[in-house]
Amino acid sequence: MGKTIAEKILSKKSGQDARANDLVLASLDFMMGQDGTAPLAIRVFEEMGGQKVAAPEKVAFVIDHNAPSPVEGVSALHKVMRKFAQKHGITLYDVGEGVCHQLLPEKGHVGPGSLVIGADSHTCTYGALNAFSTGVGSTDLAAALISGKMWFKVPETIRFVCHGRLPQGVYAKDLILYLIGQVTADGATYMAAEYAGEAIEALSIEGRFTIANMAVEMGAKAGLMEADEKVWAWLKDNGISGNFEEVKPDPDAQYAAIKEFDVSQLEPQVAKPHRVDNVAPVGEVAGTPIQQAFLGTCTNGRLEDLRIAAQIIKGRKIHPGVRLIVAPASRKVFLEAMNEGIIQQLVEAGAAVVTPGCGPCVGTHNGVPSDGENVISTANRNFKGRMGNRNAFIYLASPATVAASAIAGEIADPREFL
Amino acid sequence: MEIKGRAHCFGDDVNTDYIISGKYKFKTLDMKELAKHVMEDLDPEFAQKVKPGDFVVAGKNFGCGSSREQAPLALLHAGVGAVLARSFARIFYRNAINTGLPVVECDTSEIDPGDELLLDLEKGILKNLTKQKEIPVKALPPFMLKILRDGGLVAHFRKYGTFKLD
Ligand code: SF4
């Protein structure tokens, strides 16, 4: 009987014939902690009696969630991370480098066939490069730092086959919001998702990151894609060469379900407050006034996203009633966007650009909305209180929809601005 | 490992913020302090009522939300013996096993508040003593039982220095 991508990667890394629902102990290729989770992992590491990090070259800490630090308490935690990283020879990406999920691929730490954990729920992002990557807690990370390993329950897989090409003005974000709306926020709990089909193949790697990033919003453990020529070309363009080996699912692999969609008529989608699976076509919410717009995050803060937004915004002005906040996903993205004149265009139109990193996504700084305000955001979560205020309303959409809405002062269909 | 206690029942989608509200979890790493506020938004008296070994009983998707380990730790420090639910969110499930909190998937629809329950983790048997009924549970794999028996992954690593699961 054939195997899925998840079963194959976990078989290889555990040295066992791993099948769905088996438990395996597997060797990790890379592990990551960010400033919300690494400090606790360091404490647990010490409680466990950890002396040495098993493979420091396979570890990175990223200071991105509260960067630069807004308060003393956070500064102290950042210091703990820096000290630990230095002591154990771990790579530390400090303030201004960018969001963890942009940095790990960009810096060449992950690639086809890799097995990766991160103490952050959106670690599933690297599935776009054919890596099995998943979010874990601080104790898992601590144990992995000591042993280089982690236990996994091998997930069953749901395969999503997306036929047709996305129409003009409709992007990867619209596609994944639509899929989440279809299967709901716990529709893939404990499973892996495999994404395939013409619509996925036609996407850039950046678009594919957006899809894999949100696999966890349907409850999935990992969001996986095959490594086609585009993946290898992307690695090469970024100067990445590693010991990577692509993993394809077998034609007779066993799936929990295969779901097929024709996306050639898809419209721009919006997730309404306060659930990611509360999804509607943009027409249904168009006209909703907004006070803040946010372009950034590990979902949609990449160069392509900024480019799409700038194309819409260029030569226009942000609506006077709207704050547009932009957080490039990494320093590299920031620099490239500067070179292309994108940052100039956004700032001239009235945008506020903040440090590469998570920005206001997780609600600790950089743009906490006020009571009763509506925010349109390119992020991946719109839970109550997510951006730091339980009385605000968050709508999730593509960079194009966010840009169009920032100009209109209300939720707007980006196709009218192209 | 036998666990005996009374049932405290909750509904579907109990998220990590309901288990321990963000306003406490960012303030302190003192688990005893956090335990005083566990489940407070759903049942303000829960922390006072719960006795060592008692069960938290819930519907589907228990523990959804953030990956913070304060959620299982707060339950554990409040004295909760095990959580029974129809299904668990993935990261909570891992964190529970890793921190030494037994979690068991089963049909919880016929358990009522106050029912006395007996769980034998090793044998994978759950009995509702009040209703004199046995409830089928998904037995925990030896792998996870071993971690639970050691008292969680920290204690396991203290003992063996690495994963020792066979
Ligand atoms: S950008 Fe938002 S979702 Fe992504 S890692 Fe940062 S806080 Fe999490």
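1. Let's start where the two domains of chain A meet: in this predicted model, two salt bridges are found across the interface of domain 1 and domain 2 of chain A. Elsewhere on your list to look up, Glu217(A) forms a salt bridge with Arg381(A), and their closest N and O atoms are 3.0 Å apart.

2. Now the domains themselves. Domain 1 of chain A covers 5–261 and domain 2 covers 271–416, with C-alpha centres 24 Å apart. In contact across the boundary are 39 residues of domain 1 and 36 residues of domain 2 of chain A.

3. How much area do domain 1 and domain 2 of chain A bury between them? About 3000 Å², with 56% of it on carbon and sulfur atoms. Val99(A), Lys173(A) and Glu206(A) supply 18% of the area that domain 1 buries against domain 2, more than any other three residues.

4. Next, find the open sheet of five strands in chain A, which pair in parallel in the order S4-S3-S2-S5-S6. Strands S4 (91–93) and S6 (132–135) of chain A are at the edges with a single partner strand each, so one side of each has no neighbour in the sheet. From one strand to the next, the twist averages 20°.

5. A word on confidence: in chain B, helix H2 (residues 22–25) has the lowest mean pLDDT among the elements, 64. Where pLDDT is low, predicted coordinates should not be read in detail.

Key:
Residues numbered from 1 in each chain as written. Chains lettered and ligands numbered in written order. Predicted model: local features only at pLDDT ≥ 70, side-chain atom pairs only at ≥ 80, totals over all residues. Heavy atoms only, no water. Pairing = 2+ DSSP bridges. Helix = DSSP H or I, 4+ residues; strand = E, 2+ residues; numbered from the N terminus. Axes fitted to C-alpha atoms, helices over the stretch in contact; angles between N-to-C directions. pLDDT = per-residue confidence, 0-100. Domains from an automatic or database assignment. Contact = heavy atoms within 4.5 Å. Buried area = accessible area lost by both parts, 1.4 Å probe. Salt bridge = Lys/Arg side-chain N within 4 Å of Asp/Glu carboxyl O.
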